[in-house]
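Subject: Handover of a structure and findings

Dear colleague,

Please find the structure below, together with its sequence. My findings follow it, and I would be grateful if you would read them with the model open.

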Amino acid sequence: MRPLLCPTLVGRAAELDALTAAWDAAAHDAGSAVLITGEAGVGKSRMVAELRSRCAADGGVALIGRAVDTATPLPFRPLAEVLLAAERAGVVTDDADVRPFRPALDALLPERVDEPSGTSILQVAEGFLRVCRGIGRRRGAVAVVLEDLHWADAETTAVLDYLADNVGGEPVLLVATARPDLDRPAVGALLAAVDRRSVVRLHLGRLSAAQTVEMARLCLADAPAEVVQFVTERAEGLPFFVEELLTGLQDGPGRPGAVAPVTFAHSVRGRAASLPPAHQDLLVDAALVGRQLDLDLLAVIGGGDRPLVDEMVTGAQAAGLLTDDEWGVRFRHSLTRDVLIAGLRPPERTTRARQALTALREHAPGIAGDERLGAAADLAEWAGDGPGATALLLQAALAALRQGALMTAESALQRARRLTPGGPDDLAAAELLLEVLALAGRVDEAFQLGADVVERLDPALDPGGRRRATAHLAMARCAVADTDWALATHHLALARTDAPDVLARVTTLQAVVALGEYRHADSAVLAAAAVAAAESADADLLCEALMVHGRCTLLSDLEVAEAAFTRAARVAHDAGLAHREARALAELSTVAINRAQEPRRLPEARALAQACGAPETEAVAEQHLVLAAWNRDDAAAMCQHAGSAIAIARRYRLGMLLPSALILLACGHAIRGEADAMEAALAEAVPLIADDPTQRAAVHAQARGSCALARDDVDTAAEELAIGLAIARSSRTGPMPMLGMAVLMAAIDGTDPAPASADLRAMGYHVMRPLHGLLQVADAVRAGRAGAADTAAALFAEGMQELATQAFMRALCWRHVAPSAAADGWGQPVAWLQAAHPIFVGRGLAEPAAAVLTLERRLSAGRSAGGLTTREREVLQLVAEGMPNRSIASRLYLSPRTVEKHVERLLAKTGSANRAQLATYALRNPELSL
């Protein structure tokens, strides 16, 4: 009996044309992602076969990977198969842009992972894409086909999601196949990608009756009419069933069996029954172990007779039950395996599963991390060995964790807990699941599970307290991630143990909590203790403690912070921890930025992050370069680096780094007065920042406040800056220079700057030189208003020195302080305005340039008749016209508070009791009008 295969694809012309067009586009660097859907047997694999033929004809390459039906799938299995296929085909080379991601790609292969990799799914995805890009560029194009993804693990679908979003512009065609009728999480994820339009869906429906007849005649040209009719009536429009039924009917028409679709099940059973009994037993054992056959394992199950296994394979292939491809021998279709297992009575399945599990353990005792681990767990469960299945699932979860596959680890642990509820193995699974949930940021679930774990861990089970401490440490990490400092402190206090590594981690988190609560002195002490505790731990933990120490001292002692970051970089370098070294160098740059110095090692940090595949650190480095550009007053560089950070954050989906980069871009546009471009960036950023107070304050103070000042919209600037300052003072945000400008503008408007300045200094913000300089200028305004002219001049000079590299900030200070200083009689307001004018002109800021010219002319005119200054005469004239203070302020480019002071002095100088008498005074003295 030989399997009958249709020589021509029937009824799929439109779908094949679409798939071919996608392949042709990929050959012109216009890659795309295609999802082929359809029920079992509808011809998805045949479509893939046609694509592979086209690829071969065009000189391209097609790489295939498959997901398999196991209760606990191996993480990244389809992707690992693609990479192995590429290696076997000799199309993989050591591309420079792939090297940084090689550790992440090695994590796809369990046999190459000895320790937890710390690899993120996005690193795997980007590394995989770069491998495919390299192959496509060398071979014209590459088709990456991932079959049966309805059985895929969550990590594989996450990678596919990333690839679909980023494959455009690459010589890569990504094709996935799936059954949409199955209620599996992977199916929902794939269809969601279709809804987002990042994936094109080609759905294969059943063949019509006419198409079924055409296919049957193409398969068997001399088939009698009654055979064609029989197949057409019973194949139900499914191409695979057409071929299977014709294969089974070569010796005569069959009759219905017992499993739907009955004709297919009858055909499979009939062909299996045609094999010798010993071959039938081996075939059923193979079905229990999985779709892919391990011939050596089957020989062990069958009593060590490998020739018998080879004979069975030959016979089953001839019967159309097995096929042999580049991946080895496997069942021709998963439904074939299902029919064979369904034919077993429960007691027989239990016995056979037990025998197969025993053979598997003897054949592969070190199966941890191997794909057979999932099969072994399935066999143990079928065999009624709940504890054995749980132990295997715990091994599978640990293997998944080593690969960074948190979702697969969670699935295995949840299944393990269902098998042995309440027992010791359940507790072990719960502890590991708590770690997984904490790493995944699943805060509420982690707290709920953690409480149960701690309650069950009595001293007899945990004599040294390490397990309880580890559980509390996991919950403390969740509380820190949720910025619930009180809850974090509670769990850290309960994480008592003498284990040095746990102690170091506890102390490190305590320092982070203290920093979050703005207890700077406590955080510095705790961070130093964490470093001391980590000295005997591994280099990675020591680096983490050193970087926390640097962050905790950044707003109190820049020298100590600098030493901590420098040592962290050195320890990481000596230990070969490139990602830690890159992050330490990026953190080190914040010291220079706070000093208003050029961060010379920041480009090195960015280059190292690129080289080691650390996109988050690369994006952070770009953002720090934006801050450095702000320090040197380079708006163009700000926009350039912010754009780079945005591109990285988008590609790698880096959470809050995207809105923060968008806000930095808005700030770059803001200091050029480009309101529309600024608001466009903020329109995307604001919905993403949720309730983050630092980002909210930056939107108002650093972006909109700066832009309003660049356009000389004083009222809007004062309003936006005040909002930002209020957020910072109530929520203790991160420091930003324009908070100092908020205090200054309020001081110019008559508000005492001392309380706000004291708050910002208490939070350590004055360590940032530009912010400190603006606070000093605010103090100068306060001193001048109090009549301390010399003190005001000295404070002003010191503040402006802190702003030495920032011409725009200096010009704003000159422009807005000059009227107040002139009114209070201190400083050199005319000279300041003359210095500000060319800065505004050079930046193309017409409104403040015009304002300083007007102010300069008025202040230069000096005093005149009646002992009134030119400015006082202007105010008197407008009061006489009936204008209120706010309107006068707008007309004269002054703050309402400054106008108020002028009115007070006019009342005193003219002896008037109120504004009406001032107006009368002006009418009686027309020589005072301008």
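Y893 is located in the loop that links α44 (885-892) to α45 (896-910). In this predicted model, Y893 has a positive phi of about 60°, although Y893 is not a glycine. Its relative accessibility is 30%, so Y893 counts as partly exposed.

The chain as a whole

The protein chain contains 46 helices and seven strands. Taken along the principal axes, a box of roughly 125 × 70 × 45 Å holds its C-alpha atoms. Of the 930 residues in the protein chain, 56% are buried. The accessible surface amounts to about 36,300 Å², and carbon and sulfur atoms account for 53% of that surface. As for contacts between residues at least 6 apart in sequence, 68% of them connect residues at least 24 apart.

A pair of helices

How do α39 and α40 run relative to each other? Helix α39 covers residues 789-802 and helix α40 covers residues 807-824; the two pack at an angle of about 155°, and their axes are 10 Å apart. Angles over 145 degrees count as roughly antiparallel, and α39 and α40 are therefore roughly antiparallel to each other. On the α39 side, the residues in contact are F796, M800 and Q801, and they meet R810, C813, W814 and V817 of α40. Sorted by class, this contact has five nonpolar residues, one polar residue and one charged residue.

T156 belongs to helix α6, which spans residues 154-166. Is T156 buried or exposed? Its relative accessibility is 0%, so T156 counts as buried. The side chain of T156 makes a polar contact of 2.7 Å with the side chain of D153. A polar atom of the T156 side chain also lies 3.5 Å from the backbone nitrogen of F76. Leaving aside residues up to four places away in sequence, T156 touches F76, R77, P78, L79 and L149.

R858 lies in helix α42 (residues 846-860). At 17% relative accessibility, R858 counts as buried. Which residues does R858 touch, not counting those up to four places away in sequence? They are T870, R871, E874, R891 and L892. R197 is 661 residues from R858 along the chain, and the C-alpha atoms of R858 and R197 are separated by 62 Å.

G270 is placed in helix α11, residues 262-273. Its relative accessible area is 38%, and G270 is therefore partly exposed. Between G270 and A539 there are 63 Å in space, C-alpha to C-alpha, and these two residues are 269 residues apart in sequence.

With kind regards

Notes. Residues are numbered from 1 along each chain as its sequence is written. This is a predicted model: local features need pLDDT of at least 70, side-chain atom pairs count only at pLDDT 80 or more; totals for chains, interfaces and linings use all residues. Side-chain values use heavy atoms; hydrogens and water are left out. Axes are lines fitted to C-alpha atoms, for helices over the stretch in contact, and angles run from 0 to 180 degrees between N-to-C directions. Helices (H or I, at least four residues) and strands (E, at least two) are DSSP runs, numbered from the N terminus. Angles under 35 degrees count as roughly parallel, over 145 as roughly antiparallel, 65 to 115 as roughly perpendicular and the rest as oblique. Contact means heavy atoms within 4.5 Å. Ala, Val, Leu, Ile, Met, Phe, Trp, Tyr, Cys and Pro count as nonpolar, Asp, Glu, Lys and Arg as charged, and the others, Gly among them, as polar. Buried means under 20% relative accessible area, exposed over 50%, partly exposed in between (1.4 Å probe, protein chains only). Accessible areas come from the Shrake-Rupley method with a 1.4 Å probe; for residues, only the protein chains shown count as cover. A polar contact is a pair of N or O atoms within 3.5 Å; within protein, one must be able to donate a hydrogen and the other to accept it, and residues adjacent in sequence count only if both atoms are side-chain atoms.
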